[in-house]
Amino acid sequence: MRKPKLLIIGTGLGGSALAQALLPWAEVTMVDLAPAQIAALPPLEDRGRPANVAPLYGLGLGGTTQFWHNGLIPLPPRAYESWPYPASTLAPYVAKAYPLLSPASAPAVATASQQLQHHYAELGLSGAPLGETLYYPHRRRNLWQYGKLATRVTLLRAQALPCDERSLSASPQLTVQYPDGTTASLSANAIILAAGGLVTPRLLQPIAPQAGYHYEDHATAFVGEVMLNPVFTQLWNYQPRGLGGSLRQPFVIGSPLGDIAFYLRPAYHAPGSQANQRRKQLTSTLAQLRNQPYNPALLWQLFRRADDLADIASLKLGITLPTPYFSLMMMASQPPATTAGVGGAWPACWRNWSLSDAALGQLQAAVERAMAVLAPLSQQQFIYSDWAQTLASSAHHNGTARLARTPAEGVCDSHGQVFGSHALYVADASALPSSSYANTGLTIAALALKLADHLKERLNA
Ligand SMILES: Cc1cc2nc3c(=O)[nH]c(=O)nc-3n(C[C@H](O)[C@H](O)[C@H](O)COP(=O)(O)OP(=O)(O)OC[C@H]3O[C@@H](n4cnc5c(N)ncnc54)[C@H](O)[C@@H]3O)c2cc1C
């Protein structure tokens with residue numbers, strides 16, 4: 001029997017997870033930008049608040065998985081209120097996504113997470129529910145490389161151009177442009193867009209009026225500091241034997257915006273100290289060095305700062321130095337935007353991520369409640385008066401071509417098929433209907449694996 005021909009636009013997390021699940025059953029062609037095309041892209045215009053990592057960072061083979069931290073966290077149950085199906089439908093694919101992204105299985109992570117939550121309860125953190133646990137494998141995975149896709153798919157270095165009516169047909173077509181400026185029209189049994197949460201909606205905008213709406217990202221900031229029993233230090237970056245990674249545990253405050261997660265992170269200066277100013281930055285020196293290991297300014301910085309040295313000891317050596325001081329990091333759900341969050345006359349791109357004053361007020365109330373939860377355990381507390389100024393979006397652009405029950409509510413049906421199309425699909429962050437406070441990677445991979453099953457069933461028929 002002839003294999004179905006599938007065309008995947010983008011070799012990032014969603015595209016590579018999908019390709020691995022489809023091979024060898026399908027003949028897969030993948031398209032991703034050539035280096036010269038990446039260099040020539042017009043800069044993104046950020047109209048709202050900034051992101052803590054430049055948007056459109058991590059283009060090229062592997063997409064953002066070239067640089068990501070690979071922190072894996074399942075969506076909390078409340079997130080599924082905005083999804084077209086219940087958590088139980090995606091659960092088997094979330095479990096399948098773990099071995100693709102990490103050395104540990106879903107049950108191993110769940111067991112370790114229960115242990116960690118038990119330790120927090122023993123220390124008396126009981127005033128708020130504990131959220132889903134974030135698992136960081138020691139080694140991140142670039143999914144394009146991990147799947148050895150260079151030898152298994154046909155790769156075209158080209159830029160996909162926005163869809164038109166031909167993309168909606170039973171033999172969908174899409175135009176791509178090569179670095180020399182020539183174009184070609186490609187067709188396949190199904191075309192899957194996986195160009196990321198900021199680009200996929202712009203590819204869809206000519207044929208899907210809702211594309212670019214419902215943009216979500218996570219509002220993130222260090223919001224304050226507390227002094228606690230130093231024994232809490234042992235629970236930060238918790239590394240049970242045999243897990244091949246470490247765990248971080250938030251507690252959660254409910255709010256009209258959705259769930260707001262708070263993480264306690266060891267700090268090495270007293271609450272309110274001037275020396276903590278730098279802690280407000282969301283990107284640590286160590287995280288920057290991961291992608292620029294030979295940058296002399298970063299190396300110099302690293303060896304002058306107690307916090308950074310402590311980060312190395314904890315993250316690289318697994319030794320967290322005891323301290324009574326902790327920073328409080330907030331990772332907030334955002335209600336989906338009701339106006340377009342992404343747009344621009346191709347190839348220009350603007351992004352508008354913002355929070356209303358009312359939303360900021362709700363976040364302030366959540367910060368105060370988080371501090372109240374810690375009050376019985378803490379000797380000193382300090383809320384930054386300017387945390388709202390440092391608040392930024394994360395690198396989790398999602399929702400811009402979201403799954404929905406009807407075309408009025410989103411862009412794709414529950415499988416990821418674009419409404420009104422015969423065989424045009426989405427398999428990246430833009431398909432998420434909501435992400436609550438959870439980093440998006442694990443859910444993107446799970447959705448891609450679910451779509452692979454759907455395509456196998458549909459195209460085998
Ligand atoms: C520094 C960093 C750290 C992160 N850490 C985490 C983390 O710890 N945990 C987590 O869950 N998430 C994390 N994320 C977010 C996560 O990586 C992304 O949400 C996810 O990888 C996005 O996957 P995607 O498939 O939507 O798109 P991407 O991985 O961005 O892939 C999109 C691909 O499409 C290609 N492309 C774009 N335009 C075109 C075009 N016109 N034609 C052809 N190809 C095109 C791009 O080159 C790219 O390869 C992080 C992100 C960054 C940047």
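Predicted model: local features only at pLDDT ≥ 70, side-chain atom pairs only at ≥ 80, totals over all residues.
Is Asp453 buried, partly exposed or exposed, and what is its relative accessibility? Asp453 counts as partly exposed, at a relative accessibility of 28%.

**View 1. The crossing of helices H1 and H12.** The axes of helix H1, residues 13-22, and helix H12, residues 441-460, come within 8 Å and cross at roughly 40°, which makes H1 oblique to H12. The crossing in which H1 passes H12 is right-handed. On the H1 side the contact involves Leu13, Gly14, Ala17, Leu18, Ala21 and Leu22, and these meet residues of H12 including Gly441, Ile444, Ala445, Ala448 and Leu449. Divided by class, the contact of H1 with H12 has 12 nonpolar, 2 polar and 1 charged residues.

**View 2. The crossing of helices H3 and H12.** The axes of H3 and H12 come within 8 Å and cross at roughly 110°, so that H3 is roughly perpendicular to H12. H3 passes H12 in a right-handed crossing. Among the H3 residues in this contact are Thr89, Leu90, Tyr93, Val94, Lys96 and Ala97, while the H12 residues that take part include Leu442, Thr443, Ala446, Leu447, Lys450 and Asp453. The residues of the contact of H3 with H12 divide into 12 nonpolar, 3 polar and 3 charged.

**View 3. The salt bridge between Asp453 and Lys96.** The side chains of Asp453 and Lys96 meet in a salt bridge, with an N to O distance of 3.9 Å. Asp453 lies in helix H12 and Lys96 in helix H3, so the pair ties together parts that are 357 residues apart in sequence. Lys96 counts as partly exposed at 45% relative accessibility, and Asp453 counts as partly exposed at 28%.

View 4. The structure holds 5 salt bridges, and in one of them the side chains of Arg78 and Asp259 meet at 2.8 Å, N to O. This pair links distant parts of the chain, with Arg78 in the loop between strand E3 (45-46) and helix H3 (87-101) and Asp259 in strand E13 (residues 258-267), 181 residues apart. Arg78 is partly exposed, with a relative accessible area of 35%, whereas Asp259 is buried, with a relative accessible area of 12%. In another salt bridge the side chains of Glu45 and Arg47 meet at 3.2 Å, N to O; Glu45 is partly exposed at a relative accessible area of 41%, and Arg47 counts as partly exposed at 47%.

**View 5. The contacts of Tyr268.** Tyr268 lies in the loop between E13 and helix H7 (285-291). Although Tyr268 and Thr323 are 55 residues apart in sequence, they are 6.5 Å apart in space, C-alpha to C-alpha. Leaving aside residues up to four places away in sequence, Tyr268 touches Asp307, Ala310, Thr320, Leu321, Pro322, Thr323 and Tyr325.

Technical notes: Residues numbered from 1 in each chain as written. Heavy atoms only, no water. Axes fitted to C-alpha atoms, helices over the stretch in contact; angles between N-to-C directions. Helix = DSSP H or I, 4+ residues; strand = E, 2+ residues; numbered from the N terminus. Parallel < 35°, antiparallel > 145°, perpendicular 65-115°, else oblique. Left-handed = near helix turned anticlockwise from the far one by under 90°. Contact = heavy atoms within 4.5 Å. Nonpolar A, V, L, I, M, F, W, Y, C, P; charged D, E, K, R; others polar. Salt bridge = Lys/Arg side-chain N within 4 Å of Asp/Glu carboxyl O. Buried < 20%, exposed > 50% of the residue type's maximum accessible area, 1.4 Å probe, protein only.
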